[in-house]
Amino acid sequence: MTANKFNRILLKLSGEALMGTGQFGIDPDTVSRMAEEVKAAKDTGLEICLVIGGGNIFRGMAGAAKGMDRAQADYMGMLATVMNALAMQNALEQLGVTTRVQSAIQMDAVCEPVIRRRAERHLEKGRVVIFAAGVGSPYFTTDSGAALRAAEMKCDALFKGTSVDGVYNADPKTDSSATRYETLSFDRVLADNLRVMDASAVALCRDNDIPIVVFSIREQGNLASVLAGSGTSTIVQTERN
């Protein structure tokens, strides 16, 4: 699977990836490095949408587990994703990449509202579009938001940048015998509860035939390598007979 097969992709990054070696917040050097990865991918001619989680600042489910109202905690998590989106926008524009942030929670002073046709126009003009605030409603993760935007924007694939280089049959951080899958079907991911993304996100990608490419974003240059077909990743796609 190479970049030649794609015209438009959605890149989903975890908020934790922006922390670098820290335990909380946004590390500017790490954000700058990731912006360079995005720019390198864009320079191949791709149209790129971005969705970034908010777990480096606030995770709604963690707040709910500690007694907060789940809906209130999720709204706080959505605001965290807007902060990450603005940080990434700043880093990209310092590299000369024109970027627009669109938020599912309207806040006109800092970014645009999510308007599909406007987002399409931005992409056609060569801009990177960062979608923030998930789907704009509680009880949905940024994984679901990424899958929704990928379908809405008719992306050819959803690339999920994580801290591991694909999907394993066990946690490779704790099990040295864990083996990585090269490819998986959507149904296998759901049946075996492999936690590539949450179930609603996987099902949405399956129903719209959008492959999910899971790779490590922590390795410098890895996004470009995966796009070129030489990097390490796991591809989740519709099983072909």
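A nonpolar core is a set of buried Ala, Val, Leu, Ile, Met, Phe, Trp, Tyr and Cys residues joined through side-chain atoms within 4.5 Å. Keep that in mind as we look around this structure, which is a predicted model.

**The cores**

In the largest nonpolar core there are 37 residues, and Leu-50, Met-88, Leu-92 and Phe-159 touch the most other members. Several elements each supply at least two residues of this core, among them strand S1 (8-13), strand S2 (47-52), strand S6 (157-162) and helix H8 (222-227). Which element gives the most? That is H3, with 6 residues. A second, separate core has 28 residues, including Leu-123, Tyr-181, Phe-186 and Val-214. In soluble globular proteins, nonpolar side chains tend to be buried together.

Let us visit Phe-159. Setting aside neighbours within four places in sequence, Phe-159 is in contact with residues including Phe-6, Leu-11, Val-213, Phe-215 and Leu-227.

**The sheet**

The open sheet has 9 strands in the order S4-S3-S5-S2-S1-S6-S8-S9-S7, and its pairing is mixed.

| Helix | Strands | Angle |
|---|---|---|
| H1 | touches S1, S2 and S5 | about 155 degrees with S2 |
| H3 | lies across S1, S2, S3 and S5 | about 170 degrees to S3 |

These helices also meet each other. Helix H1 (residues 28-42) and helix H3 (residues 70-94) pack at an angle of about 65 degrees, their axes being 9 Å apart. Their crossing is right-handed. H1 brings Val-31, Ser-32, Met-34, Ala-35 and Val-38 to the contact, while H3 brings Ala-87, Met-88, Ala-91 and Leu-92. By class, this contact has 8 nonpolar, 1 polar and no charged residues.

**A look at Met-61**

Met-61 sits in helix H2 (residues 60-65). Is Met-61 buried or exposed? Its relative accessibility is 52%, and exposed means over 50%, so Met-61 counts as exposed. Beyond neighbours within four places in sequence, Met-61 is in contact with Arg-70 and Asp-74. The C-alpha atoms of Met-61 and Ala-73 are separated by 7.1 Å, and these residues are 12 residues apart along the chain.

Technical notes. Residues are numbered from 1 along each chain as its sequence is written. This is a predicted model: local features need pLDDT of at least 70, side-chain atom pairs count only at pLDDT 80 or more; totals for chains, interfaces and linings use all residues. Side-chain values use heavy atoms; hydrogens and water are left out. Axes are lines fitted to C-alpha atoms, for helices over the stretch in contact, and angles run from 0 to 180 degrees between N-to-C directions. Helices (H or I, at least four residues) and strands (E, at least two) are DSSP runs, numbered from the N terminus. A crossing is left-handed if the near helix is turned anticlockwise from the far one by less than a right angle, and right-handed if clockwise. Contact means heavy atoms within 4.5 Å. Ala, Val, Leu, Ile, Met, Phe, Trp, Tyr, Cys and Pro count as nonpolar, Asp, Glu, Lys and Arg as charged, and the others, Gly among them, as polar. Buried means under 20% relative accessible area, exposed over 50%, partly exposed in between (1.4 Å probe, protein chains only). Two strands pair if DSSP finds at least two bridges between them.
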